[in-house]
Amino acid sequence: MKISKRGLLIIILAASGIFLSAQDAVTSSSDRGRDLFNQGKDLFEKEKYGAAIVLLDRYAGQADEADGLPVREAEYMSALSSIRLYNRDAEYRLETFIAKYPQSYMQNNLYMEMADQFYQSRNYRRAESYYNKVDRITMEADLLPGYFFRHGYSLFMNGDNKRAMLFFSEIMGVDTEFTPPAIYYFSHIAYSGEMYLTALDGFKRLEGDETFGQVVPFYIVQIMYVLGDYDGILRDAPALVDAAGEERASELYQIIGDAYFQKGDYVSAARNLEEHISRAIRTGREGKYQLAYCYYQTQEYDKAVPLFKEVSRQRDRLGQNAYYLLGDTYIRQGEKKLAQAAFSAAAGMDYDRKIKEESLFNFAKLTYETTYSPFGEVIRAFQDYIEQFPASENIEEAYEYLVSAYMKVNNYSAAVASLDRITIKDERLERAYQKVALYRGMELFSNLDMVRATAMFDRSLTYGRHDRMLRARALYWKGEALYRQNDAEGAMAAWEEFIALPGSDMLDEYNKVRYNMGYVAYNRGRYEEALRWFTAFESDGAAQNSSLLPDLYNRIADCHYIATRYDRAIEYYDRVIARNGQGADYAMFQKGFALGLKNDAPAKASVLSDLIAKYPNSSLVPKALFERGRAWETLNDPARSEADFNRIINDYTESTFVPRAMVQLGLLYFNTGDNNKAISTYKRVVESYPGTPEARSAMTGLRTTYVEINDVETYFAYVRSLDGYGDVRRSEQDSLVYASGENLYATGNCERATEVLTSYLNQFPQGSFTVNAKFYLAECFRTSGNTSKALAYYTGVAATLNNPFIEQTYVSLADIYYNRAVYDSAFYYFDNLAAVAGDADTELRARQGRMRSAWEMGDPLLTIRAAEELLKADNITSQMEREAAFMKAKSHYALDDFDKALTEFRKVATEQTTSEGAESKYRVAELVFGKGDADQAEEMVYSFIEDNTPHQYWMARMFILLADISISRGDEFQARTTLQSVADFYQVENDGILDEVRARLSDLDASQRQENDTIRMSVKGEGI
C-alpha cells in the first residue's frame, strides 16, 4: 500500500508529539533519581552510612546504568558503608559488587576496606584473606605503608613469620607512622628465629623511640647474652634493673649473674644470682646450679651442698655435673663416704663422658680408701674403669688399685665374679684369684654349701703355684668339705697332700687334720691307723685346749677297746669322765661295759649306776639299765636284775631295749625256777614283736621252758596257733629264703637282694624275718632313689615298735618326708626318733629336725618349744645353738612379739658371715629403728656395712633401711643416693630387691620433680 506525502507528515507529527511527551516524563524521573543518588552520596561523605545505604539502595533499585546514571558508584558506596558499619551483609555486598563489576577499579578499595575492618576486629585470619586480594600496584602511595604493616601484622598473628617479615621490610626504610612498629615486629620475629644480629640491628634503631624505647633494651641485653657479649651485658643491664618490673628484674639479675659467672667473677655472680632466686616466682635448676658453683668456687661449701643436692635429683647432664661437684665438695669437707656416694651417682650416668671417667675413678679410690664396698663396688669400679677408659692417663694406677683391692676385699663373691670376667690374667691377678677363691670357699663352707665350697677350693688350687700356704689351706678345707659330703677317699687324698706340703705344719689347720684323718680311718674300721692319727693329734700341745678333746679321748679309748686293751681304754674313758662334760655319759657306759668284759661285774654295776644317777636324761640310760641288769644276774642278784629289766619295760616303752629286756627277764624267771612267769614273758615277746630277732629268741626260751616242765605238747599246740611257726618245713624254708636275701644285701647286691626279699615277703607275710626284710628293702629302694617304695617299707618297719631297726627307720622316714616338704609327717618321725635315740648325736639330730619341721609347718609356737628343747641338749654345737636362737627369734617376730624377737636376734647377730647372722643383724637394726631409735639403728647399719657379709640380700636390705632412716630425718637426697647405690651395684635381678629400690626411687622422683628454668624472657607482641 502506498502512503501519501500528507499522510506521512501526519505520522511524523504524531510521532514527534509522542516523543516530546515521553521526553518530559523521562526528564522528570531522572531528576528524581539524581536527587536520591546525590542525597545518598552526601550522607556517605558525611559518614552517615546507615541513611546513605537506604537512599543509595533505593536509587540503585530504580536506576538504569544504561541511562548514564551512576548505579555502579551507588552500589560501591552502599557496599563500603556496610563494611564500615560492620554489617552482616558487608561481605555479601562486596562479593555481589565484584561479581557484577569484575573490571571495576573500585574493587581494590573494597578489598582493602574489608581487610582493615577484620584487622580492627582482630580477626587476622579473615583480614589476611582480603589483604591477599588487594592489588598494591594500583593502590595510592599514601595508603601503602598502612597496607604493608597491617598485612604483615596479620601474617605475624597467624604465625606466618616469614611472609610477615617481607611486608614489614617494605616500610622499614621509609619514614612513616608505621615504620617503628614494623621495625619492632620484624626484629622480634628475627629474635624468635634466632637471627640475633638482624634482630639486634632492628632493636638498636628503636632505642629512644617513644613507643618501643622502654622494651627494646631488654631484648638487646638478651641478645647480647645469647651472643656471649658479657661485657656489653655488664655495661648495659644493671641500669635496666630499677626500671624493670619484679619478674623482669629477676630475669635481669640472672643474666647479669651469669655474665659475671662466665667472666669468672664468682662473688659478683653469686650476689646477682641470689637476687634472681629471691625474686623469682619459679626458680629453675640451671640457676641453682650456677649459684652452687659460685659457692663452690668461693669455698662456701655449706651453701653449695644443698643446692647441688637439689639440682642432682634429675638424671641428666646437669644432674651428673652436680653430683660430680657435690662429690668434690664433700671431699673438701672431709666427708669421704658422702663423696663416695656422690661420685658413684655421677659415674652411673653417661651424659658427659669426661665427668663419668673422673667420677668413676674418684669413686673407686674412695671406696678403696674407706673399705666401703658392700656389693664389691671397689672391684667393679676399677674393672669398669679399666674396660671403659683403657687409654686413660690413670690406667696404670687403676690396675695397681685393682690388684690391691682383690687382696684386701671382704666381698669375695664379687671379687671372684670380677676376676672371672678377666680372660687373660697376669701374675698379680692370678695371685689375687688364689686368695679370694680360697676365702670365698671358706664362706660357702661356713654356710654349709659344701658342693660349691669344694668347687671354689679347686679354683683356688688352679693358681696354687703362687702361694704355698694358701694352697695348703685350700687343700685342708677341700678335705673338710669332701668329708662332709661323705667322700672319705677324696677328703683323705686332700689331707695327705696337705700334710706333705712343706710349711703346712706352721698352719693352725695342721693340728686338726690329724684328728680328721683319724676319724676317716676310724669310720673305715681301720682302728690302729685311726689310733696313730688320734694320738698324734693328742701329742700336740694345742690339742689340750681344744673343744675336741673329750671326743678325741673317747675315740682313742674306743680304738683300745676294740683291740681288747681294756685297761688303756678305761684310762682314756676316765679322762672324759673326769671332765664332767660332753661325752661323759658315753665314756661311763663304755667303761662299765669294758669292766664287764674284764669279768668285774661289781665295778661294771657301780659305774653304770653312777651313769644312771648322774645323767638321768641321757639316751644311754635304757642301755645302761640293760647292762646293769645283766651285771646283777652275773652277781646272782635277781631282784635287782628284775627291777632294771622292768624299769626299761615300764619307763622306756619306745626303746629298742624293751623286747631285749623282756627276753632277759624271761631267762631270769627260768633260771630262778619261776617257769610260769618265764612262759608268760616269752609269749609276750613273741606276740608283741613278731618277725624280730627277739621273737625268735623268745621262741627258743619258750621251748626250753616247756621241755623243763615236761609239757612239750602244750608248746607244740602254742606253736601251731602262730602264723609261720606251725609247719617245721615251712619254717626252715622261711629261714633259708630270708638268709639268701640277707646275704645278698650284706654283699651290696641290692638289685638281687630286692628280688629275693620281695619274694620272701610274698611267701611268708607273717614270717620270722619280716621286719628285717622290710628294712633291707627300704634301704635298697632309698639307695636307688625310689623313695616312694622306700617309704612303704619303712612304714611297715615302724609299725613294729622297739625293733632293732626302729631308730634308723625313723631317721629315714623323717628325712624323706622333710625333703618332700611334708613337714607335719617329718615332725612326727623326728619326734619319735628323739624318744628312741640310742645315742646323744642321734637325739640331737632329731631335736634339730623337729625344730626345722615345725618352722616349715608355719607353727611359730611349736617352733619355739622345739628350739628350746634343742637348746637343752648337752652336746649341742655352736652352729645348732645359733640356729635354734634364730628360729626362736623368727617365730617371735612372726607372732609380733618384737621384744622377745629382738632379744633372740641379738644372740645370733654377732656373726654376719652366716645367713642367720646377717638376717639377725638386719632384724635388730630394723626393730631398733621401729622403736624410734634412728641413731642406734644407723650405727648398726654402718657397722654391718663395714664388716661386710657374703649374703648380699641382707646387705641390700640394710641399705634400704638406711634410706628409710634418712627419709625419717627429712634427708631425701641421702635416701636417694643410698637407694641409687643399690640400683647401680646390686647384681641379683630376681629376688625383689631391685624392684623395690626402683619403685622407691620413682616415688622420690614423683614427689620432688621440678621444672627446668628458662633463661630467656618471653615477650609477646600486641597489635598496633
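**Aromatic pairs**

Begin with the rings. This predicted model holds 85 aromatic pairs.

Select Tyr412 and Tyr439. Their ring centres lie 5.3 Å apart. The angle between the planes is 35°, and the pair is tilted. A stacked pair needs planes under 30 degrees apart, and an edge-to-face pair needs over 60.

Tyr412 belongs to helix α23, residues 412-420. Tyr439 belongs to helix α24, residues 427-446.

Tyr439 has 22% relative accessibility, so Tyr439 counts as partly exposed.

Next, select Tyr745 and Tyr776. How are these rings arranged? Their centres are 4.4 Å apart and their planes meet at 25°, so this pair is stacked.

Color the helices again. Tyr745 sits in helix α40, residues 728-746. Tyr776 sits in helix α42, residues 770-784. This pair ties together parts that are 31 residues apart in sequence.

Tyr745 has a relative accessible area of 23% and is partly exposed. Tyr776 has 11% and is buried.

**Charges over rings**

Move to Phe218 and show its ring. Which residue lies over its face? Select Arg248: this residue lies over the face of Phe218, 4.5 Å from the ring centre.

Then go to Phe593. Lys604 lies over the face of this ring. The distance from Lys604 to the ring centre is 5.4 Å.

**Two loops with positive phi**

Leave the rings and turn to the backbone. Select Arg122. Where is it? Arg122 lies in the loop between α5 (106-120) and α6 (124-131). Its phi is near 65°. That is a positive value in a residue other than glycine. Now look at the surface: Arg122 counts as exposed, because its relative accessibility is 64% and exposed means over 50%.

For the last stop, select Thr564. Find α30 (549-562) and α31 (566-579); Thr564 is in the loop between them. What is its phi? The value is near 60°. Here too phi is positive in a residue other than glycine.

Terms used
Residues are numbered from 1 along each chain as its sequence is written. This is a predicted model: local features need pLDDT of at least 70, side-chain atom pairs count only at pLDDT 80 or more; totals for chains, interfaces and linings use all residues. Side-chain values use heavy atoms; hydrogens and water are left out. Helices (H or I, at least four residues) and strands (E, at least two) are DSSP runs, numbered from the N terminus. Buried means under 20% relative accessible area, exposed over 50%, partly exposed in between (1.4 Å probe, protein chains only). Rings of Phe, Tyr and Trp (its six-membered ring) pair if their centres lie within 6.5 Å; planes under 30 degrees apart count as stacked, over 60 as edge-to-face and the rest as tilted. A charge sits over a ring if NZ of Lys or CZ of Arg is within 6 Å of the ring centre and within 35 degrees of the ring normal.
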